[in-house]
Amino acid sequence: MTLSTHKAQKPMLSPKKVTQTLRHVLLIVMAIVTLIPVVLVISTTLKTPADVRVNPFGLFTSFSLQNLIDAWTVGRFSDYLLNSILLTVPSTFLVVAISTMAGYTFARLPFRGRTLLFYFVVLGLLVPFFTFMIPLYFQLRSLGLLDTLPGAILVLTSTGISFGTFFMRAFFSDLPMELEQSARVDGASEWQIFTKVMLPLVGSGMGALTVFTFLANWNNFLVPLLYLPSGDFRPLTAGLYMFTGGRSLDVGPLAAGTLITILPVIVLFILLQRQVTQGFISGAIKG
Amino acid sequence: MSITSRSLAPTVTRRAQARLGVVLVIPVMIMVVVFFLIPLVNALYFSVVDFNGINPNPPFIGLANFERLFTDPKVWAALSNNLIWIVVGTISPMVIGLLVAMLLWSVQRGSVIYRVVFFLPYILPGVAIGIVWGWIYDPVNGLLNQILRAVGLGDLARGWLGEPDVALYAVLLTAIWAGTGFAIVIFLSALRNVDVELVDAARIDGANSPQRLWHIILPQIMPVFIMVLTLTLVGGFSVFDIIFIMTGGGPAGATDVLGTYAYSNAFQLNNIGYGTTLALLITVLSVPIAIVLNRLQRKLSLQGTSA
């Protein structure tokens with residue numbers, strides 16, 4: 001009895017529920033605002049070319065795959081996609097391999113002069129790429145690496161190794177000392193301790209670094225813009241930029257090219273969202 | 001016997017460790033020397049010679065590039081754009097990020113979906129972001145002007161990227177859209193570590209929500225707060241991609257920052273020495289801030305762990 005009168009006095013919705021609903025309304029509005037530009041790309045890509053000309057940015061007013069076909073063939077986005085893969089996969093592999101080796105050394109293998117070397121690596125985190133991008137251009141030219149895939153792969157690798165080394169060092173530092181001592185008592189060599197005992201324990205760190213580096217190198221714009229000037233090895237980002245300059249009125253194929261550029265990134269992110277966000281968080285905190 | 005082997009083993013181990021350490025560190029050091037230290041030293045050299053990109057023995061000109069830098073009105077214009085970018089582009093994502101993270105804090109259902117959506121812009125390539133926002137700002141068919149006209153604010157409709165007064169802020173809004181998700185996700189993970197009992201105790205003691213935020217929550221997430229501040233501040237000095245793509249520094253230099261001005265000097269006007277000097281200025285300005293904030297962050301995290 002008392003319980004029911006108490007209930008009757010309460011408003012239809014408890015204040016807690018009201019604030020919770022309000023919260024969701026606010027968040028949904030923010031989410032829609034966040035997603036509009038991505039929706040716009042998809043919508044413009046899937047229009048008929050005639051519709052794009054009349055009404056380029058009205059949402060989903062017609063359907064055709066013609067823009068995708070045009071971007072893929074005439075717009076050379078199939079070449080750009082291949083170049084993006086050829087640049088991103090080797091440079092990501094190199095960053096992870098080199099950073100893991102160096103991170104292990106700086107965490108676990110002391111020798112005279114190691115601290116000084118570490119300072120040089122950390123300096124790379126502090127100095128913006130801008131500062132030395134111009135001299136690097138002339139250096140690559142004199143080495144015959146300008147406008148070559150190996151040259152761009154090496155530069156992309158170099159942009160990631162300072163952070164990568166710092167990142168992997170933190171993972172190796174967290175491992176307990178007893179692990180390597182007991183392996184040493186069992187007669188394992190230092191190389192075996194590294195490859196058989198330690199490496200398997202930093203798999204999550206290497207995974208996060210792989211995803212992080214892949215995204216950074218896939219999205220990199222300045223390196224191909226500067227060091228692949230002729231366009232033979234142009235990746236998606238630089239290709240997309242050149243496309244805007246060349247024929248700015250071709251909105252349809254441009255949208256399709258944008259979609260081809262961002263689709264791998266979005267798919268990767270949705271599949272590995274936990275690792276990606278976790279990688280960015282721990283990367284920021286450990287760095 | 002056992003004593004000698006015990007005292008010998010660490011030396012042997014230490015030697016073996018040092019040997020492997022040197023081998024494992026060789027690749028990173030080669031990369032750092034060839035692709036970072038040598039070009040960095042060359043940057044200093046380029047700033048004191050008159051290099052045209054061809055002459056192998058460019059004439060020494062001393063500090064002429066630095067003198068030019070201090071008297072060039074375009075440098076001051078670019079620098080003030082950098083400052084606007086840093087102030088607005090740092091405060092907005094941090095404030096919005098904190099507010100949205102607070103909203104998300106107590107949400108259980110759908111929290112993963114919100115996180116994915118909000119973080120998505122942060123991982124997209126700047127070129128794609130620049131192109132799409134260029135459409136949104138399109139003077140004729142752009143979404144922004146269409147919305148303004150639809151709600152009766154048609155007078156405000158304009159060519160957002162074509163007018164010197166608003167172009168920088170239009171690009172800034174795009175950068176805020178792209179960068180806020182990072183702040184949201186980082187703040188959310190920091191909030192998850194906040195001592196909820198303390199917050200509840202403060203609520204019982206009658207602290208209202210701004211008071212709880214200021215006195216209880218903010219101090220606990222301060223190290224993360226400073227870390228995000230460092231990243232966005234330092235990024236503000238070397239901003240390039242999004243401005244280069246959306247406006248190229250125009251109209252008439254209205255959106256030029258140090259990065260785009262250095263680029264156009266070196267690669268479009270062939271003033272290689274001067275472009276390099278401008279790029280050095282970016283480092284001179286951003287590195288000390290990074291170091292100071294990093295120290296502060298470390299101090300705060302140490303206090304946090306000892307408390």
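Visitor: What makes up the domain assignment of chain A?
Guide: In this predicted model, the assignment gives chain A domain 1, covering 13-68, and domain 2, covering 76-246.

Visitor: How many helices and strands does chain A have?
Guide: Chain A has 15 helices and 0 strands.

Visitor: Why is chain A called more spread out than a compact globule?
Guide: Let's set the value against the rule. For 287 residues, the globule rule gives 19 Å. The radius of gyration of chain A is 26 Å, which is well over that, so chain A is more spread out than a compact globule. Along the principal axes, its C-alpha atoms fill a box of roughly 75 × 70 × 35 Å.

Visitor: What does it take for a residue of chain A to count as buried, and what share does?
Guide: A residue needs 20 or more other C-beta atoms within 10 Å of its own. In chain A, 44% of the 287 residues are buried.

Visitor: What share of the contacts in chain A join residues at least 24 apart?
Guide: Taking contacts between residues at least 6 apart in sequence, 74% join residues at least 24 apart.

Visitor: How do you know which part of chain B to read with care?
Guide: Look at the confidence score, pLDDT, which runs from 0 to 100. Chain B averages 86, and 95% of its residues score at least 70. Over residues 1-8 of chain B, however, pLDDT stays under 50, and the model has 0 contacts beyond four places in sequence for them. Where pLDDT is low, predicted coordinates should not be read in detail.

Note on methods:
Residues numbered from 1 in each chain as written. Chains lettered and ligands numbered in written order. Predicted model: local features only at pLDDT ≥ 70, side-chain atom pairs only at ≥ 80, totals over all residues. pLDDT = per-residue confidence, 0-100. Contact = placed C-beta atoms within 7 Å. Domains from an automatic or database assignment. Helix = DSSP H or I, 4+ residues; strand = E, 2+ residues; numbered from the N terminus. Rg over C-alpha atoms; globule rule 2.2 N^0.38 Å. Buried ≥ 20, exposed ≤ 12 C-beta atoms within 10 Å, placed from the backbone.
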